[in-house]
Amino acid sequence: RLKTHRLSQLGCHTCFPRMQQCRDVSVSPPLFNKKSELPSGETAMNSRLSGTVLQRLTRSGSACCRHQAGPRFGPCRGLTESGRGTMNVFNRDMKKRQKNWSASLQDRDQYDYLRDEVGSRVADRVYDIARTFPLALDVGGGKSHIAEHLSKDVVERLFLTDISEKTLTEIPTSCVLADEEFLPFKENTFDLVMSSLSLHWINDLPGALRQIHQVLKPDGVFIGAMAGGETLYELRCSLQMAETEREGGFSPHVSPYTAVTDLGNLLGQAGFNMLTVDVDEVQVHYPGIMEVMMDLQGMGESNCAWNRRSLLHRDTLLAAAAIYKEMYGNEDGSVPATFDILYMIGWKPHESQAKPAQRGSATMSFGDLSKISQPTSTDRP
Amino acid sequence: MSGPNVWSRSREKLRQFPEVFAQCAGEAAAYGKCVTATTKGRQELHKDLCVKEFEALKTCFTNAAKKRAK
């Protein structure tokens, strides 16, 4: 208790107000209108209302209720220079079992929509770099949703790691069973490291980023995507309000996430430079809270925080379903679930990279900026 | 996977949840309104604040589930 309190004062990057904790749940297949490559067959999409609203950038204060101002406690991942291994928020073994379970589902393809979408966007960012990468690594790539969207001209050889052995088996690339928290590669090995939707389950994020930095060659690039920010705030708030009203208190059901504002610092501390961080808000529409939870489970994204409560009382579930619908429901009867996907790009420093100009080398004064910005009448067409 | 067991039976029940829940839309809306009202007004949310609305919702839900089971 004392420790977490201290951390929050330090401004640890994943401290959440008490509101923001939840449980993992999950599952149902919504459609992405935008993308038609979803498996057309067995998806249970029939009666489901769906659609995505993809918006760049964040919502302004989306918070649902006023408990938000409460004192902070609960899981904090500390950023700071605390060294590795000090943070232990998530039960990695549980995460592995969840992933194995979801990989063993017969209809597992229908839960891939989010990973596919995010994977393609990560691949987009790889294409933005006009280079061929001889050797790339996908951290926590599972079934390799990124590689599906890449071509051989861009990435010549790919290594894939995942914590769950079952998700790995289908891929024709070189697969390595490895925990993202302990990368078993030599320093300066890869030209490109990618990661899609797996970093948000890592206990020691600063340490993991440092390891990624290590295995990269100089001038190598890391392109990653993870869930963060206000992800699943609808579910988090509904469950909290339901538990408060039914049971007189609430417990974490949705895991803590990294805030986008901290991501830049984290990357910088890990040694990356020329950073790019941006947020995509992906909103998926589901028929109801049950489908949200079942789908998350099918994705292997159930909560695995140590402090999660394994029980969700059935009264609470009923209450949460009513609150979710009333508070966030759309007019057509569907309910939205928001995923804030944080994208990050960072480069391992190399002397060939652009550097800040020398101090005093400017030829213009900032004082003259106002003159520059005013176009003269002759410039106008 | 394995045959029917406690786990798959309870899972089966959960699968029926949306359908049964849909039959109590009115009660659910009443309860939802009661709870979400606390996010706007001065009223603090506390235990059993909306117990009346919840009981109505639960009765409706249980009856609907029973009917479905028959």
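Start by selecting strand E6 of chain A, residues 216–228: 11 of its 13 residues are buried, so the rest of the structure largely encloses this strand. Keep in mind along the way that this is a predicted model.

E5(A) runs parallel to E6(A), and the two pair over 6 bridges. To look at one of these positions, pick A:Met194 and find its bridge partner in E6(A), which is A:Ile223.

Now move to the boundary between the chains. Select the residues in contact there: 27 from chain A and 32 from chain B. How much area do chain A and chain B bury between them? The value is about 2500 Å², with 67% of it on carbon and sulfur atoms. Interface size is often expressed this way, as the accessible area lost when the parts come together.

For the polar side of the picture, show the 6 residue pairs in polar contact between chain A and chain B, both residues of each at pLDDT 80 or more. The rule also finds 3 salt bridges across this interface. Zoom in on A:Glu326 and B:Lys33, whose side chains form a salt bridge at 3.8 Å, N to O.

Which elements of chain A give two or more residues to the side that touches chain B? Color helix H6 (233–247), helix H8 (289–298) and helix H9 (314–328) of chain A to see them. H9(A) supplies the largest share, 10 residues.

Note on methods. Residues numbered from 1 in each chain as written. Chains lettered and ligands numbered in written order. Predicted model: local features only at pLDDT ≥ 70, side-chain atom pairs only at ≥ 80, totals over all residues. Heavy atoms only, no water. Contact = heavy atoms within 4.5 Å. Buried area = accessible area lost by both parts, 1.4 Å probe. Salt bridge = Lys/Arg side-chain N within 4 Å of Asp/Glu carboxyl O. Polar contact = N/O pair within 3.5 Å; in protein donor to acceptor, adjacent residues only side chain to side chain. Helix = DSSP H or I, 4+ residues; strand = E, 2+ residues; numbered from the N terminus. Buried < 20%, exposed > 50% of the residue type's maximum accessible area, 1.4 Å probe, protein only. Pairing = 2+ DSSP bridges.
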